[in-house]
Amino acid sequence: MPWIVGVSGASGTPYAAAVLRALLTAGEAVDLVVSRASRLTLLDETGISFRDAHWQDDLREWLARGADGKPGTFDVDISAVRHWSAGDLAAGPSSGSYPAKGMLIVPASTACVAGVALGLSKDLLQRTASVTLKERRKLVVAVRETPLNGRTLRHLVALDDAGASVVPASPAFYAGATHIQDLVDFVAGRVLDAAGVEHGLYRRWRGELGGGAPGK
């Protein structure tokens, strides 16, 4: 069964790329839903146009880029990815009978958070998130916004109450980050931790002070 990865319009497309690469490295199948708004963000942050008719070429180019934007940084096999158009409300993941392990929304915009918390289904991403909750499957929401207002905080509490894991896209520094990719991978790793997917994206805390110092 696949993990469904939804990419919403918040800034942070490198987080989504890191999660996708790690899932594929772990041997997981992935169903991908890229919202219309996220395509604008992806174009702005990477210069890549994500097109339904050419999604494989565009996805390869996207996942090959490092967080610094350098092309050709990663070599990724996307044969285990299935893409669904965000406007296709008849797609497989729109139904609870479609088999899936769960869903990861990376990054999650405040608009996406609100839509899922309110049970809206304006596109396939929101519909799939609603299905994930009603089927009691794992839903991980990597919210990427700052500051957060009261309304969004209430929406996040509602998602937590519904059983979702809320993972703010908030990098930590105890893992010994020396590059922007390290900070991105930390957030991606915490998303995968919440989903229960094994990975090696960051150095875990071992109770030893100074382990994150430069040169360690």
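**Exercise 1.** In this predicted model, how are helices α1 and α3 oriented to each other?

*Solution.* α1 and α3 are roughly perpendicular to each other. Start with the axes of α1 (residues 13–25) and α3 (residues 55–64): they cross at roughly 100°. Angles of 65 to 115 degrees count as roughly perpendicular. The axes also come within 9 Å. Next, list the contact residues. α1 supplies Thr13, Ala16, Ala17, Leu20, Arg21 and Leu24. α3 supplies Leu59, Trp62 and Leu63. Finally, sort this contact by class: 7 nonpolar, 1 polar and 1 charged residues.

**Exercise 2.** Find which residues of α2 are buried and where they sit around the axis.

*Solution.* α2 spans residues 36–46. Its buried residues are Ser38, Arg39, Thr41, Leu42 and Thr46. They span an arc of only 160° around the axis, so they lie on the same side of α2. Now turn to the face pointing away from that side: Arg36, Leu40 and Asp44 are exposed there. What do the buried residues pack against? Their partners are β1 (3–7), α1, β2 (30–34), α3 and β3 (81–85). After α2 comes Gly47, with a positive phi near 80°.

**Exercise 3.** Describe the overall fold and judge how compact the protein is.

*Solution.* Count elements: 7 helices and 6 strands. Their order along the sequence is β-α-β-α-α-β-β-α-α-β-α-β-α. The radius of gyration is 17 Å, close to the 17 Å from the globule rule for 216 residues, so the protein is as compact as a globular protein of that length. Check burial: 49% of the 216 residues are buried. Then check contacts with a separation of 6 or more: 71% link residues 24 or more positions apart.

Note on methods: Residues numbered from 1 in each chain as written. Predicted model: local features only at pLDDT ≥ 70, side-chain atom pairs only at ≥ 80, totals over all residues. Heavy atoms only, no water. Axes fitted to C-alpha atoms, helices over the stretch in contact; angles between N-to-C directions. Helix = DSSP H or I, 4+ residues; strand = E, 2+ residues; numbered from the N terminus. Parallel < 35°, antiparallel > 145°, perpendicular 65-115°, else oblique. Contact = heavy atoms within 4.5 Å. Nonpolar A, V, L, I, M, F, W, Y, C, P; charged D, E, K, R; others polar. Buried < 20%, exposed > 50% of the residue type's maximum accessible area, 1.4 Å probe, protein only. Arc of directions from axis to C-beta. Rg over C-alpha atoms; globule rule 2.2 N^0.38 Å.
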